[in-house]
Amino acid sequence: MKKRSRKLSVIRPASAIAVVLLFGAAGAQAETPDAVASERSVYLGGSVFGPTVGYSQRFSDAWAGRIMFHTGIKGDTEKDKDISGVHYDSKPKLGAGLALLADYYPIQNRGFRITAGLNFTSLKQNLEGRADGSGGYDINGHRYSSAQVGELKGQRKYNNVQPYLGLGWESKTLKQEGWRFTSDLGLLYFGKAKGNLEASGAASNAALRQD
């Protein structure tokens with residue numbers, strides 16, 4: 001017999017901010033020493049989002065643009081995480097995505113840059129409820145046994161578009177051909193999570209369904 005489930009709105013919104021660290025190597029080539037706008041770079045590296053590749057185009061001494069692709073990652077399961085008084089096993093998953101970035105070089109002939117842009121990816125947090133030491137759950141201020149609740153699962157989803165702000169550095173400056181080491185450190189804001197929670201026992205329990 002297939003179990004039916006009902007959504008329970010007991011997961012409160014939470015904001016997420018990620019610290020981003022990107023490192024790798026870029027191959028740069030300029031057609032002539034004075035052709036700043038022709039400098040292009042291809043990036044290979046890794047970050048907190050998994051393996052990363054990208055392309056950079058220099059527009060002037062001070063400005064460049066980048067597009068970066070990352071594969072995404074699956075995080076480790078966090079055991080017994082307390083959310084709104086209920087304990088869960090929590091497992092985050094960051095999907096594949098891309099970033100569109102604008103780089104500003106405030107000092108000429110230096111590798112330091114300031115970066116801003118947008119990142120496009122999905123961040124989900126899958127939740128599996130765990131009964132407490134007394135063998136039950138406290139949901140919306142009411143007590144339920146494990147038998148009443150049944151299987152308890154939920155998910156948090158964050159914004160798919162995240163603003164980015166950070167700092168970066170390159171080991172070679174403008175107009176220097178060859179491979180260079182690159183790095184970025186910054187912040188992504190994922191916004192507030194939208195959550196849902198499902199309990200297999202809610203279909204036959206009016207009080208649990210109401211909570």
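Let's start with Phe112, which sits in strand 10 (strands, marked E, at least two residues, and helices, marked H or I, at least four, are DSSP runs numbered from the N terminus). Phe112 has a relative accessibility of 32% and is therefore partly exposed (buried is under 20% relative accessible area, exposed is over 50%, partly exposed is in between, with a 1.4 Å probe and protein chains only). This is a predicted model, where local features need pLDDT of at least 70 and side-chain atom pairs count only at pLDDT 80 or more, while totals for chains, interfaces and linings use all residues. Residues are numbered from 1 along each chain as its sequence is written, and side-chain values use heavy atoms, leaving out hydrogens and water.

**The overall picture**

- The protein has 17 strands and two helices.
- Of its 211 residues, 42% are buried.
- Take the contacts between residues at least 6 apart in sequence: 64% of them join residues at least 24 apart (a contact means heavy atoms within 4.5 Å).
- The accessible surface is about 11,700 Å², and carbon and sulfur atoms account for 56% of it (areas come from the Shrake-Rupley method with a 1.4 Å probe, and for residues only the protein chains shown count as cover).

**The nonpolar patch**

- Phe112 is part of a nonpolar surface patch of about 900 Å², together with Phe59, Trp63, Tyr104, Ile114, Leu165, Leu167, Trp169 and Phe181.
- Strand 10 (112-120) and strand 15 (161-170) are the elements that give two or more residues to this patch.
- Strand 15 gives the largest share, three residues.
- A patch takes residues with over 30% relative accessible area and no salt bridge; nonpolar side chains (Val, Leu, Ile, Met, Phe, Trp, Tyr) are joined within 5 Å, and like charges within 9 Å.
- Phe59, another member of the patch, lies in the loop between strand 4 (50-58) and strand 5 (63-70).
- With a relative accessible area of 55%, Phe59 is exposed.
- Arg40 is 19 residues from Phe59 in sequence, and their C-alpha atoms are 9.6 Å apart.

**The positive patch**

- Lys74, Lys91, Lys93, Lys124 and Lys157 form a positive surface patch (Lys and Arg count as positive, Asp and Glu as negative, while His and the chain ends are not counted).
- The place of a charge is taken as NZ of Lys, CZ of Arg, CG of Asp or CD of Glu.
- Lys157 belongs to strand 14 (residues 152-157), and at a relative accessible area of 40% Lys157 is partly exposed.

**Salt bridges**

- The whole structure holds 13 salt bridges (a side-chain nitrogen of Lys or Arg within 4 Å of a carboxyl oxygen of Asp or Glu).
- Asp103 pairs with Arg66, with their closest N and O atoms 2.7 Å apart. Asp103 is in strand 9 (residues 97-104) and Arg66 in strand 5, so this pair ties together parts 37 residues apart in sequence.
- Asp103 is buried at 0% relative accessibility, and Arg66 is buried at 3% relative accessible area.
- Glu170 bridges to Arg180, with the closest N and O atoms at 2.8 Å. Glu170 is in strand 15 and Arg180 in strand 16 (residues 178-192), 10 residues apart.
- Both Glu170 and Arg180 are buried.
- Arg143 and Asp132 form another salt bridge, with closest N and O atoms 2.6 Å apart.
- Arg143 is partly exposed at 41% relative accessible area, and Asp132 is partly exposed at 27%.
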